[in-house]
Amino acid sequence: MQHQQAQAATAEVVEGRELAKGHAGQQPRVRTPCRAALSRALDRVRQAARDRARRWTALWQHVSAIDRLREADNRLKHHAAPGVDGQTWAAYGAQRETNLREWSDRLKRGAYQAPPVARVSMPKAAGRQRPIGQPTLEDNIVQRATVEVRNAIDEKDLLGFSYGARPGRRPHHAVDAVTVGREKRHSNGGLEAAMRGLYEAMDHAWLVQCVAHRMGDQRVVRHIRTWLKAGVLEDGQWRQQEEGTPQGGSASPWRAHRSLHDVCDLWAAQWRRRGARGEVMIVRDGDDCLVGFQDKDDAEPFLSDLRERFHRFRRELHPNKTRLMECGRLARERRQRRGQGKPETFDFLGLPHRCGTTKRGKCAVRRSPIAKRLRKKLQEVKQTLRGRMHWPIEKLGAWLKRVVVGHSRY
């Protein structure tokens, strides 16, 4: 859509950089009359959302529409694990239209109640565990439909330097923004920051307040609140959650990103306008944030104020992943004059970034996979190959191609 492309381009201009590579402002092509009608309905919502003073009093009708639920179903992956009710995609698909109509009717009547989320733990690095939530199939569809409608409003409010959980924006665009900022903007110092407990430490009352800011339709607010209070089912035991949201549902990334917009993004944009001495470049994707400063004396006050801001809203920066550094185009020249060598390396979205030079001697950002993760992946491929030595060469080559292409695209 032309207005969506223009909106994406405007967001990029805010950060003083070119439009990110790829189709950041484009939506999937409308193929059916149903999808065309849904797209027109959201276009009207987006148009009305330009009025920042407007409060929405009749938004739930877009979520509960049968066509919206059907489209949300089409966008979900049909191999997810079942939730607490045990319903699988195979069983649901046998009576798909009947189920969708029943759910739409219950949503319109206000009879829908969010069920608890099944919680399992997935291993992370260093032996830690990541709690993952498994919503029921029905709840996941309703969440997806709600997020689609909410995005039509929130995209008018979100800032250009935020990239997480937004339609048409990918981690590649955030990495591209960092590259352009380091190579072409006046950067002498930087802040590498990561937030601890992006999902686990979310304050429910604050999130509901953020959602209700422009939302006069209490049906939407009530469903957001019931999702937060539905609790989790782990090892057969139900537990109420006083804070946080289960990671794994369709609405979980949106909830986390929406709360950080009010807690972090708006504050950072205001600090940049009022408190900075020089240029400040900000890129945030989820719980990873990178800030570049033209005047390195801005770095410590920004970090100090950011810690205070997070403490106020019961948030915390990760102590081992948050640090001030000297990097960027100007930092390289100054460090060479002082005899301190190359600028410092920093991590962003799991990729180490280092400042190199082109053949003409200009600053260039170089990225490479984390060596430890690469070695681990190679060991996994080696073990898999040993178990598939009986495969035909053509089939084995096709599998290896998928592995290599997937790694290269990432």
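User: Which residue in β7 does A193 stand opposite?

Analyst: A193 faces C289 in that strand. This is a predicted model, where local features need pLDDT of at least 70 and side-chain atom pairs count only at pLDDT 80 or more, while totals for chains, interfaces and linings use all residues. Residues are numbered from 1 along each chain as its sequence is written, and side-chain values use heavy atoms, with hydrogens and water left out.

User: What counts as a strand, and how do strands pair?

Analyst: Strands (E, at least two residues) and helices (H or I, at least four) are DSSP runs, numbered from the N terminus. Two strands pair if DSSP finds at least two bridges between them. In general, strands of a sheet pair through backbone hydrogen bonds, either parallel or antiparallel. Here, β3 and β7 (residues 288–293) run antiparallel and are joined by six bridges.

User: How do β9 and β8 pair with β3?

Analyst: β9 (residues 323–325) pairs with β3 in the antiparallel sense over three bridges, and R323 in β9 is the bridge partner of E192. β8 also runs antiparallel to β3, with two bridges; there, M195 has L317 as its bridge partner.

User: Is β3 mostly covered or mostly open to the outside?

Analyst: Look at relative accessible area: under 20% is buried, over 50% is exposed, and in between is partly exposed (1.4 Å probe, protein chains only). β3 is mostly covered, as seven of its eight residues are buried.

User: In what order do the strands of the open sheet lie?

Analyst: The order of its four strands is β2-β1-β4-β5, with mixed pairing. At the edges are β2 (129–134) and β5 (237–239), each of which pairs on one side only. From one strand to the next, the twist averages 40°; axes are lines fitted to C-alpha atoms (for helices, over the stretch in contact), and angles run from 0 to 180 degrees between N-to-C directions. Within this sheet's strands, you can look at β1 (residues 117–123) and β4 (residues 232–234), which pair in the parallel sense over two bridges. A118 stands opposite L233 in β4.

User: Now for side chains. How many salt bridges does a search of the whole structure find?

Analyst: It finds 22. A salt bridge is a side-chain nitrogen of Lys or Arg within 4 Å of a carboxyl oxygen of Asp or Glu. One of them joins D73 and R96, whose closest N and O atoms are 2.4 Å apart. This pair links distant parts of the chain, 23 residues apart: D73 is in helix α4 (residues 66–75) and R96 in helix α6 (residues 96–109). D73 counts as buried because its relative accessibility is 0%, whereas R96 is partly exposed at 22%.

User: How far apart are the closest N and O atoms of R166 and E155?

Analyst: They are 3.0 Å apart, and the two residues form a salt bridge. Both R166 and E155 are in the loop between α7 (137–154) and α8 (171–184), 11 residues apart. R166 is buried at 5% relative accessible area, and E155 is buried at 14%.

User: Which strands does the salt bridge of R196 and E316 link?

Analyst: These side chains meet at 3.4 Å, N to O. R196 is in β3 (residues 189–196) and E316 in β8 (residues 316–317), 120 residues apart. R196 is partly exposed at 36% relative accessibility, and E316 is partly exposed at 39%.

User: Which residues do shared partners join into one network?

Analyst: Salt bridges with shared partners join D67, R70, D73, R96 and E97.
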